[in-house]
Amino acid sequence: MATVLTLAGDGIGPEIMTQAVEVLKAVNNTFALDISLESGLLGGAAIDAAGQPLPPETLDKARAADAVLLGAVGGPKWDSIERSIRPERGLLKIRSELGLFANLRVAKLYPQLAGASSIKPEIISGLDLLIVRELTGGIYFGEPRGIRTLDNGEQQGYNTMVYSTSEIERIGKVAFDLAQTRAKALGRPAKVCSVDKANVLEVTELWKQTMTELQQQHYTDVALSHMYADNACMQLIKNPKQFDVMVTGNMFGDILSDEAAMLTGSIGMLPSASLDAEGKGMYEPCHGSAPDIAGQDLANPLATILSVAMMLRYTFKQEEAAASIESAVSAVLDDGLRTADILDTSDSALKKVGCREMGEAVLAKLV
Ligand code: IPM
Ligand code: MG
C-alpha cells in the first residue's frame, strides 16, 4: 500500500484540497491503486495549532509518505509574526528537508481557455512549455541572510545567491532528461533554454558554464540555448512558443513560472511537481493561498486536481490514471464550466461555477 500525505494549508487551501482529494479517491478506486490518505498541518494552520509552520509530526509523516499533496500556505493573519516561523518558512523547509530540488511547472494552454488569456490567441495557441526550477538552493536558502543594523543606525537587508557545480548539474540533468522525453512524446526536437543573469551575477556565470559543459558531455542531442532572465520575461510574452524546456534557479524560476502560468489564462490552472533524486515528490498548485477569496467557494480547484494527475504520473507511474484526470478536466472545460479566474466574460455560452461545483463536475467526468 502507498501513502499520500495531504497538507491543505491556509486560505483557499482547504477548499481546493477537498475537491482534489475526492478526485484522488475516485481514481484510487477505479484503477485499484491501493493508496491510503493521511493528512497533516503546514503553514499558518500549523502555527495556530502547534506554534510552528512545519511541526516535526508533519515532517515525519511527509518522510514516511510516498508523496505529498499540498494546497497553499500563508495569509495576512501571519504576516506580522517573527520571520523565522512564518507560514512560507514551513513550505521552504519541507522542500529542503525532503530534498525536493527539482520543481516542474508545465504551462500548457487548454484550447478552451485561449480567450481567458490576456495574450492574443495566435501567440499562445498550442503552447506547452515546461519550467524546471531549482528549488532547494540559490538565494532562497543562501547564507548569510538577514536584516542587520549598520554603524550609522540604518538597517540593511541581505541575502546570498549561491550555486555549486553539483547543484547546477543535478537540476541540469533533470531538464535535459525531460527535454528528451518530451521530444519523443511531442514529436519535436529536444531543446533546453537555460535562464541566467550571467552578465551581472557570477553565480549564474557558473550556472551557464556548467550547463554548457553538461550538454557538451552528455546531451549533444539536446539543443541548448542561454537567455538572460530579463530577456526571458520579455520573450515569454512576445513569443512563448519558442520555448520547450526552460531551466533556471530558484528565484528566476519563481518569477518565470508565474508569468508562464498567466499565459495559459490563469495561474489557477497550473500544477507542479517537486521531486527528489528518487522521484519521490510533493505536488502543489503554483498559485498561492489567495486569502482575498478564501472560504467563499470562488477558488479554482483545477491546478490542485491536475497536481494529483502529476503525482500519479511521476511518483506512482500510473499514466492511465493520470491521463483520465487530465481528460476529465478537459471535458469539463469543453462543457463551458468556468471558475471566475478563467471566465471569459464576453462569451455568454460559458457557465460560471464555484470551487465545489467545478470539483464535482470533474468527478462526474472521470471514467
Ligand atoms: C511558489 C511560491 C513560494 C515560493 C512561496 C509561497 C514561498 O511563490 O511556490 O512559487 O516562492 O517558492
Ligand atoms: Mg511563486
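Thr3 stands opposite Ser36 in strand E2, a strand that covers residues 35-40 and pairs with strand E1 (residues 2-9) in the parallel sense over six bridges. Strands pair if DSSP finds at least two bridges between them, and the strands (E, at least two residues) and helices (H or I, at least four) are DSSP runs numbered from the N terminus. This is a predicted model, in which local features need pLDDT of at least 70 and side-chain atom pairs count only at pLDDT 80 or more, while totals for chains, interfaces and linings use all residues. Residues are numbered from 1 along each chain as its sequence is written, and side-chain values use heavy atoms, with hydrogens and water left out.

**Around strand E1**
- Five bridges join E1 to strand E3 (residues 67-72), which runs parallel to it, and here Val4 stands opposite Ala67.
- Seven of the eight residues of E1 are buried, meaning that they have under 20% relative accessible area (1.4 Å probe, protein chains only).

**Aromatic rings**
- The structure holds two aromatic pairs, where rings of Phe, Tyr and Trp (its six-membered ring) pair if their centres lie within 6.5 Å.
- The rings of Phe176 and Tyr219 have centres 4.8 Å apart and planes at 20 degrees, so this pair is stacked, a word used for planes under 30 degrees apart, with over 60 counting as edge-to-face and the rest as tilted.
- This pair links distant parts of the chain, since Phe176 lies in helix H6 (residues 165-186) and Tyr219 in the loop between helix H7 (202-218) and strand E9 (223-228), 43 residues apart.
- Both Phe176 and Tyr219 are buried.

Note on methods:
Chains are lettered from A and ligands numbered from 1 in the order in which they are written. Buried means under 20% relative accessible area, exposed over 50%, partly exposed in between (1.4 Å probe, protein chains only).
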